[in-house]
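Here is a short briefing on one protein model. Please look over the sequence and structure first.

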Amino acid sequence: MQVHEVSATTEILDVRHHSGKHQIRGAVRYDPKALLDADPLVLPLTHDGPIAVYADSDDTVRAVVARLKSSGYGGATPLEGGIDAWQDAGLPLEEITQEQPVPGEPGAGMKRL
């Protein structure tokens with residue numbers, strides 16, 4: 001997905017290992033290892049809507065997108081150029097937010113069915 005294709009209905013996932021001080025405004029942060037290891041992977045996202053994923057490596061993005069798609073999140077796609085392309089386009093960033101637990105992880109407060 002190109003930066004200019006992101007709409008107000010696009011969910012944005014930040015799965016960077018080294019997050020820095022900023023993220024794309026409205027992005028939800030997850031530990032990529034937790035997403036890849038979750039069985040089953042159940043997130044509070046729509047299964048049929050667009051999901052843009054960015055990370056600090058192409059391998060991580062590809063792995064997370066593949067995992068999301070295999071878990072029924074068919075609209076998952078890499079955000080081309082990641083946060084750098086977003087920033088270069090003059091789009092808004094925000095201070096880094098807390099990483100979200102994957103439902104079913106210890107301490108997540110949500111049990112897998």
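Predicted model: local features only at pLDDT ≥ 70, side-chain atom pairs only at ≥ 80, totals over all residues.

Residues are numbered from 1 along each chain as its sequence is written, and side-chain values use heavy atoms, with hydrogens and water left out. Helices (H or I, at least four residues) and strands (E, at least two) are DSSP runs, numbered from the N terminus.

**Nonpolar cores**

- A nonpolar core is a set of buried Ala, Val, Leu, Ile, Met, Phe, Trp, Tyr and Cys residues joined through side-chain atoms within 4.5 Å.
- Buried means under 20% relative accessible area, exposed over 50%, and partly exposed in between (1.4 Å probe, protein chains only).
- The largest nonpolar core has 19 residues; Leu13, Val15, Leu35, Leu43, Val53, Leu68 and Val102 touch the most other members.
- Helix 1 (32–37), strand 4 and helix 2 each supply at least two residues of this core.
- Helix 2 gives the largest share, four residues.
- Another core, of eleven residues, lies apart from it and includes Met1, Val6, Tyr54 and Ile83.
- Beyond its neighbours within four places in sequence, valine 15 is in contact (heavy atoms within 4.5 Å) with Tyr30, Pro32, Leu35, Val53, Tyr54, Ala55, Thr60 and Val64.

**Salt bridges**

- A salt bridge is a side-chain nitrogen of Lys or Arg within 4 Å of a carboxyl oxygen of Asp or Glu; the count comes to four.
- Arginine 16 pairs with aspartate 14 at 2.6 Å, N to O. Both residues are buried.
- Glutamate 99 pairs with arginine 29 at 3.7 Å, N to O. This pair links distant parts of the chain, 70 residues apart: the segment after strand 6 (93–95) and strand 3 (residues 28–29).
- Glutamate 99 counts as partly exposed because its relative accessibility is 35%. Arginine 29 is at 11%, so it counts as buried.
- Arginine 62 pairs with aspartate 59, their closest N and O atoms being 2.5 Å apart. Both lie in helix 2, three residues apart, about one turn of the helix.
- Aspartate 59 has 55% relative accessibility and therefore counts as exposed.

**Largest pocket**

- A pocket is an open set of points on a 1 Å grid over the protein atoms alone, where a 1.4 Å probe fits, with protein on both sides within 12 Å along at least five of seven lines; lining residues have an atom within 4 Å of a point.
- The volume of the largest pocket is about 190 Å³, counted as the space filled by probe spheres set on the points.
- Its lining has 14 residues, with Asp58, Val61, Leu79, Gly81 and Gly82 nearest the centre.
- Strand 4 (51–54), helix 2 (58–70) and helix 3 (82–88) each supply at least two lining residues.
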